[in-house]
Amino acid sequence: MVHSSKSGEEVTAKGSVSQSSVGKGLPRVDGDAKVRGTARYVDDLKLPNMHHGMTKRSAVPHGILKGIHKRDGFDWSQVVVVTAEDIPGRNTIVLIEEDQPALVAIGAPIRHHDEAVALVAAPSRELAHEALTHLELEVEEMPAVFTCEDALEAKVKVYGDDNILKTYLIEKGEGDIDAKLAACDHVIEGLYRTQAQEQMYIEPQGMIASWDEGRCHIVGSMQCPFYIQKAMCTLLGLDAEHLVVEQAVTGGGFGGKEEYPSMIAGHAALLAREAGVPVKLIYERDEDIAATTKRHPSVVRHRMGFDADGTIRAIDVDVLFDGGAYQTLTQVVLSRGVLHAAGPYKCENTRVRGRAAATNTPPHGAFRGFGAPQTTFAYERQTQKAAKLLGMSPFAFRELNMLRDGDSTATSQILEGSVGSEAVLSAVKEVAEAYALPADDENSSVRHGRGISFYFHGAGFTGSGEARLAGRATVALAVDGHFEVRSSSTDIGQGVQTMFTQIAATALGVEPDVVRVPSPATDRVPDSGPTVASRTCMVVGRVVNQASTALRERIEAWARENGFGDMPLRQAATAMAKVEGEIAETVQYAPPAGIVWDDEMYTGSAYPCYGWAACMVDVKVDLDTYEVTIDRCVHAVDVGKAINPVVVKGQIEGGTLQSLGWALWEDVIYHDGKVANDRMTNCIVPTFSDAPEMHTIIVEEPFASGPYGAKGVGEIPMDGPCVAAVGAVEDALSSLARSEGFDVLPVSPEAIQRAMRLES
Amino acid sequence: MSEFISPRNLASSLEARAKHPEYVPIAGGTDHMVASKDRGAPAGMINLFGLSELSEVSELEGGGLRIGACVTYARVLDDERVASRFPVLSSACREVGASQIQARGTLGGNIATSSPVGDSLPALLALGATICVASVDGERRIPYEEFLLGYRKVDLAGNELIVAIEVPVQHKGAVQTWRKVGTRRAQSISKLTMAAVAHLDDGKIAGIRIALGAVADRTVRAKAAEAALLGQSPNDESATRAIKALAGEIVPIDDVRSNADYRLGVAQNLVRRFVLSL
């Protein structure tokens, strides 16, 4: 690993840099319990008299629910059945809109396969399962629509009159974009399609709900406790005081546990309310794959015009996402998709149009990258084709056009500081020059190829989102003399607890082992905003840093006043806690100055800053089986500052493999709107055996408003390795396959075979 | 709850089998565990895993090997005799599932399940293996090709158990090739498999067996392709004739793992590559 550190380490008030754990590869604080198997995930938790819940789902993609019948031959007194009629509040899972019901009501439309219709709870899973098989749905089936292109015709109506969930328009430069393109020396036009992707977290989704004197308590696998609390208050007709949501140890999320857990929490709470006992609702793997959200499939038309020397003059992009049956997070995902669609390139004339259409498939939702991977695939395929057309090196074309400090983005945001574009590209170029591709022997059954990609990812919520969220975090000195970081940021495997420990310990000037970062519960932590959008380190980490600093100053002041001025902070804190009891500092996030965003015109500072990355993938393609082996992946990512370089490297490499999987293997296959590959044996994600040699380069162009210079890292590794791999396959088969064959994901062996047939 | 019997030896296993023909014999249980989620628990199970009489690899006269039905893939991989005499079988076992499945799954179980994608099956077919089955009434020996009756259907009576696989010595200088085309590199159900064994005499193909998995309702020999090659020199022309013949004799399908076009095209490519390697 090349670790090119540029940010200076912040010096603590005690002047002790040696005490700083920021920048060090501290072992994960949650690692020991996970390795020993003592960490308690939701399915490990048992409450007294707990029953098991299960969900009755629709078996058609579109229809009207006419009735729910309890068939004979089963003793219904043993179980509890819940339908829409039993909902005390409003029958909706609130997020952005209220279009999605918690349970389909009789007389109401079923809008996708595997939609929740009724719930059962029984003392055992077996009995609950038996009850489900005796529950019959009477449904009047209706014609359905399964692709976003068909949905635009609105022959079948899923959402409103036109099926359009959201549209966006970004425009830059004067005059007609068609005329601008026509005036260019070269125009490249491409149509790009990407497929749904399953998050495939190791731990399936699950919740336990229990009631105590009108108060509902939820514990489970999740990313965003306060999202669940908000949705549940509406569903159950409760105020926040009566609804506590607590995170259990969570085995991965990748966005898949951003919105859907509200549905499961709601179901568990309804069952527990009806049953009068706690109810555990854990999804089986096939149920999880069939019913929960996935990455939005996309169709992107991209036109790029440039001069004979390669200078980009005009970009026109039309983005279409398949939202699935309900709004969920689609409009926000589409927003990020269009904001990244012009790429990290200078261009004075840009138009980006975005639409999302509703279809009769389970809703698509949050997934690491959040709309950017789809448009990154399109613009970097375009860049690869442009460099090839001009006979330029892929590095030279990007160096000519890349955004640099002071340049203006597609939304006319002027980049000011923390722009690692040159640094990441040159880091990859250096490795590319050091390793030559093996020469191919005509008689051999393999061909080698290399692909390059270059991209950026906005960190934090879009535009004024962070100001609206006003995330807060608390750092407390507990009575036992330990420090506690309280926030709603969830550790879902990405290392939040370790990262906050390091930030707080460094700011306080204490050893990391006296800092605790408990899992959040809504009655014990302030709302720091959701654990999404590559914002946890940059935004919440900054607040943790500020709260820690405030707490340290308060302890130091107390020590001075009480004659302990010379005492190390740790001892002074223990003394203070004995006298004063618990003391806590809470800080609210204040976005950096100069963030101006126009939500109507979609212009201004789309994000406070961007991560930058470049990737090189070397592959070999087997001409007999069309299988691709990824030999090497070089990935340079500008993260501002790696608070924990080992954790950061893990984030980059995990995201890289997820992106490579999306490129070559992963697909969700729908048969009439139902997921046909709902097992880990056929919903293919890469294994360690499929992973290439990874050469990960951490670049640090510090962001002035991030803690110690840090900005987002969670999502950017997902955006670009995919298109580098696809470019590498195209390069390997340069004269043997048709280029358009590589404009559709996944580039599976079957797709490569078709591309080679087209050419021959 | 279904009954789970673990007999102490082969004789009592055969008695249990005779008494409870509706019980499912379990060799390693790796297929059964997956299937039970959909099909529910069977009336009972007869556990054969670890029975010493079924877990040995022994020498046959003339250089062949008798492999007990409950020998695991991992044991096959450890056996140097298998590696040197039947590398096609070692290679196939190495690509089954991953380490955990290889430690538990057995050749007998793979044969009894007889999935069209069973990874060891084409290797056994290409090697000309014989299946030994037993019941309380005695033992039968059936050439593997005849043992395969249809989709997941084998020539095994309700009172019989598979006890061993006999693999005959191969022609001196025979070339053995294994290719698994999976959905990924490990933990993968095959899209297509090919095992092939051939030898030359005076530059001509004097003996050849090509077995393919996942291109028909059962593991099959590519008899027409073999016929097109027998007595011919291994070259572009004979390979082209063979793969044309192949297209007429296999019936690959579309499913969630792959499609018929791909399976046919790749089977042809692999057969061609094998012929040209001779």
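This is a predicted model: local features need pLDDT of at least 70, side-chain atom pairs count only at pLDDT 80 or more; totals for chains, interfaces and linings use all residues.
View 1. Leaving aside residues up to four places away in sequence, B:Ala206 touches B:His199, B:Leu200, B:Asp201 and B:Leu230, where contact means heavy atoms within 4.5 Å.

**View 2. B:Arg263, a buried arginine in a helix of chain B.** B:Arg263 belongs to helix H12 of chain B and is buried, with a relative accessible area of 1%. The side chain of B:Arg263 reaches the backbone oxygen of B:Ala214 at 3.5 Å. Among the residues that B:Arg263 touches, not counting those up to four places away in sequence, are B:Lys191, B:Leu192, B:Pro252, B:Asp254 and B:Asp255.

**View 3. The interface of chain B and chain A.** Here 23 residues of chain B are in contact with 32 residues of chain A. The two chains bury about 2200 Å² between them, 44% of it on carbon and sulfur atoms; buried area is the accessible area (1.4 Å probe) that two parts lose on being put together, summed over both. B:Arg184, B:Arg185 and B:Val256 supply 31% of the area that chain B buries against chain A, more than any other three residues. The rule finds five salt bridges across this interface, each a side-chain nitrogen of Lys or Arg within 4 Å of a carboxyl oxygen of Asp or Glu. A salt bridge to pick out joins the side chains of A:Arg757 and B:Asp261, at 3.6 Å from N to O.

**View 4. The side of chain B that touches chain A.** Between the chains, 12 residue pairs are in polar contact, both residues at pLDDT 80 or more (a pair of N or O atoms within 3.5 Å; within protein, one must be able to donate a hydrogen and the other to accept it, and residues adjacent in sequence count only if both atoms are side-chain atoms). Helix H2 (30-39), strand E11 (175-182) and helix H12 (260-277) of chain B each supply at least two residues of this side. H12(B) gives the largest share, seven residues. By class, the side has seven nonpolar, six polar and 10 charged residues.

**View 5. Domain 1 against domain 2 within chain A.** An automatic or database domain assignment sets the bounds: domain 1 covers 7-39 + 465-588 and domain 2 covers 402-462 + 603-760 of chain A. Their contact takes 31 residues from domain 1 and 29 residues from domain 2. The buried area is about 2200 Å², with 63% from carbon and sulfur atoms. How many salt bridges cross this interface? The rule finds zero, while 11 residue pairs are in polar contact, both at pLDDT 80 or more. On the domain 1 side, H13(A) gives the most, with six residues.

**Notes for all views.** Residues are numbered from 1 along each chain as its sequence is written, and chains are lettered from A in the order in which they are written. Local features need pLDDT of at least 70, side-chain atom pairs count only at pLDDT 80 or more, and totals for chains, interfaces and linings use all residues, while side-chain values use heavy atoms, without hydrogens and water.

Methods:
Helices (H or I, at least four residues) and strands (E, at least two) are DSSP runs, numbered from the N terminus. Ala, Val, Leu, Ile, Met, Phe, Trp, Tyr, Cys and Pro count as nonpolar, Asp, Glu, Lys and Arg as charged, and the others, Gly among them, as polar. Buried means under 20% relative accessible area, exposed over 50%, partly exposed in between (1.4 Å probe, protein chains only).
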